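Okay, thanks for coming, everyone.

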Amino acid sequence: MLLSGPADQVALVFEAPVTRAELRRMIAAKQSVLAAAGLGPGGSVALCLAPSLAFVTNLLAAWRLGARAALLDHRLTAFEVDNALQRLAPQVVVSAKHVTGGPLRGFVEIEERVATYPGRPADTAHALIQLSSGSTGPSKVIARTAANLVEEIERYVKIGAGVPQAGERIVSLASMVHVLGLVGGLLYGLHAGAQLVVPARMTADGILSTVAAGPEPTTLLGVPFHIELLSSVQAPPSLPQLTGMTTGGELVRAEVYSGFVDRYGIRLGNMYGMTEVGVIATDLFGEHRPSLTPAPGLTVREEAGELLVSLPASPYLGLVDPARWADGWLHTKDAGSVDEATGRVRIHGRRDSQVSVGGLKVDLTEVEHTLAALPGVAGAVVTFDKAIEAYVMLRDGHTAAQLQDRLAERLAGFKRPRVLKVVEQLPRTATGKLVRDRAALLAAAPAPATPAAPQVAIPAQRAGQDVTDGATDPVAPAPVKEGNHSR
C-alpha cells in the first residue's frame, strides 16, 4: 500500500531527498534492530520520536513486522511519557538517544534508543494507537486497524480534486504523530506517489523557502495556527508552484480566511476530521464555506444538534464514556447540522460550547471569534466556569480596558466575559489547537485577573445537558465542565 513504486522516485524530503529504494533499505535495517529487541508479529512498540526520518522508518518497520505501534508526542514530559507507557504497556520503546536540531525545526536528526519494556503483546488486532490531543482534558486511547487506515487513504484518493496527486508535493506543517500529518500527509503521500516535504524551520520564511525549493505543484498541509503565521508575512514572494493549502483542526475565523486568500491568491481548503476516524468532510476549494461535503464512504447525520459519523467498531481502548460510540455511530460531540438537500455538513463548534446565561443561550465560539478579531488581540480562548471567562494575548500598546470597551460595542451584555485574563502565551496542544482546559489556562495567566464588564448576576449552566453526559434536558441544571468548543 505504501512502499511500492519506482525505485528512483523521491518519496520524502527532510534534509535531503529520499528515494523509494533508499526508504525500503532503511526500513529493512530498522526491522532488524526492532526484531533483535524482541518485536515481532502481534507485538507492541511505543515510538516517542520527534518528526524525523527515524520516526518514519521505525513506524513503517514496526508495521512490516506485524506489530502494533503507539505514537507518543516527543514534547511530552518524562512524567507524561511514563504515565502513557504504563497505560499502553508496550514491549519495546523507541526514543531519542541523541537529537540534533532546535525548537523551531520542522524535523530533527535522531540517534535512536531501542529498549525493552515490561509490557505485553498487542491484545487487539489494531495497528496504530494514538492519544487524543488533550485540548480539553485527559487523553483518550484511540486505536485503528490496518484496514481502517487503508480505508482513510482511499477516501483521500476518492476525494480527488484538491488532493495532491502523483508527482506533486505536500509540504506538511502538521505533526506526524497526529492524524492529519500522519495519514493526510505521510501515508497518503507514500501511497499516491506525492513527495512529502517537511520544512527545516517552522517559521514563515522557512515554510515559504521550502515551497520555493521545488518546481512541482505544491499543497501546504497545516492547521489554523500556520495560516495565521503565514498571514503575518507582509509581502510574500511569488510562488507559482503553490497551488493551495488544506487546513484541519479548529475552525478558521472568517477574517483570517479572507486575509490569507487575499495575500497568497490560492485556494484555502478546509478539512473536518477526528483522530478516531480521520478525514470526515472537506471543502478543499472553499466553494461551500462554511459547509463541507462528507468524504466518500462515510455517512454523517445529525441527532439532537450533534453530528454522528458512521463507524462500524468502537475506536477506543480502555475506559471511555459508552455514549461516545454505539450501534455503528460515533458521537463527535460537535454541534452541527446536515442539509437534507445536499448532504453537506455545517460544524457550529463543540456541543459543550453552548452555555446558558440566565436562560439565554450563548455560543462560546462566537464570543471567542469576536474577541480574537479585535484590534490588538493576538489570540484568545473563552471558557465557562459559573461565568464566561476570557484569556487573551495582547499586542504591544493595547490594554485589557480597551478590549472591554470594544467588546461592549460588539457583544450583548449577557455574552461578554465576566473575567478577562491577559496571558503572555496561550497554551496549545501538539497539533496546534488552543488548549481550553481551565487548569492549564490558569497556570498561564498571572494574577490578579482583570474584571471585565459586568453582566447580570444570574445563575449559569451548560445548555441542553443534565448530569448524564450526552443526555439532553433544556431545563435541568448541569455541572460545569470545560470543553473544546472549536475544531
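Predicted model: local features only at pLDDT ≥ 70, side-chain atom pairs only at ≥ 80, totals over all residues.

**Around strand β4**

Residues are numbered from 1 along each chain as its sequence is written, and side-chain values use heavy atoms, with hydrogens and water left out.

Helices (H or I, at least four residues) and strands (E, at least two) are DSSP runs, numbered from the N terminus. Two strands pair if DSSP finds at least two bridges between them.

So, back to β4, residues 68-71. With strand β7 (residues 128-131), β4 pairs in the parallel sense over three bridges. Strand β3 (residues 44-48) is also parallel to β4, and four bridges join them. There, A46 has A70 as its bridge partner.

Buried here means under 20% relative accessible area, exposed is over 50%, and partly exposed is in between, with a 1.4 Å probe and protein chains only.

**The sheet and its crossovers**

Now zoom out. Seven strands form an open sheet with mixed pairing, in the order β6-β5-β3-β4-β7-β8-β18. Which strands stand at the edges? They are β6 (109-116) and β18 (316-317), each with a single partner strand, so one side of each is left without a neighbour in the sheet. Further in, β3 and strand β5 (residues 92-100) pair in the parallel sense over four bridges, and L47 stands opposite V94 in β5.

For the handedness, point the strands away from you; it's right-handed if the path from the first strand over the helix to the second runs clockwise.

There's another such unit towards the other end of the numbering, made by β25, helix α10 (residues 400-410) and β26. Strands β25 (residues 388-394) and β26 (residues 419-422) run parallel and are joined by four bridges, with V392 opposite V422.

Helix α5 (residues 179-192) lies across β4, β7 and β8 (141-144), and runs at about 140° to β7. Axes are lines fitted to C-alpha atoms, for helices over the stretch in contact, and angles run from 0 to 180 degrees between N-to-C directions.

**The cores**

The largest nonpolar core has 61 residues, and L12, W63 and L186 have the most contacts inside it. A nonpolar core is a set of buried Ala, Val, Leu, Ile, Met, Phe, Trp, Tyr and Cys residues joined through side-chain atoms within 4.5 Å. Several elements each supply at least two residues of this core, including β1 (10-13), α1 (20-36) and α4 (146-159). Which one gives the most? It's α5, with nine residues.

Take L12: leaving aside neighbours within four places in sequence, L12 is in contact (heavy atoms within 4.5 Å) with P17, V18, L23, L53, V56, L186, L190 and L196. Apart from this core lies another, of 22 residues, among them I227, M245, V252 and I266.

Most residues other than glycine have a negative phi, and most peptide bonds are trans. A89, not a glycine, has a positive phi of about 50°. A89 lies in the loop between α3 (78-88) and β5, and counts as buried at 8% relative accessibility. K386 has a positive phi too, near 70°. K386 sits in the loop between β24 (377-384) and β25, but counts as exposed, at 64% relative accessibility.

Then there's the peptide bond from R289 to P290, which is cis, with omega near 10°. P290 is in the loop between β14 (278-283) and β15 (291-294).

**Whole protein**

To finish, the totals: 11 helices and 28 strands, and buried residues make up 54% of the 487 residues. Okay, over to you.
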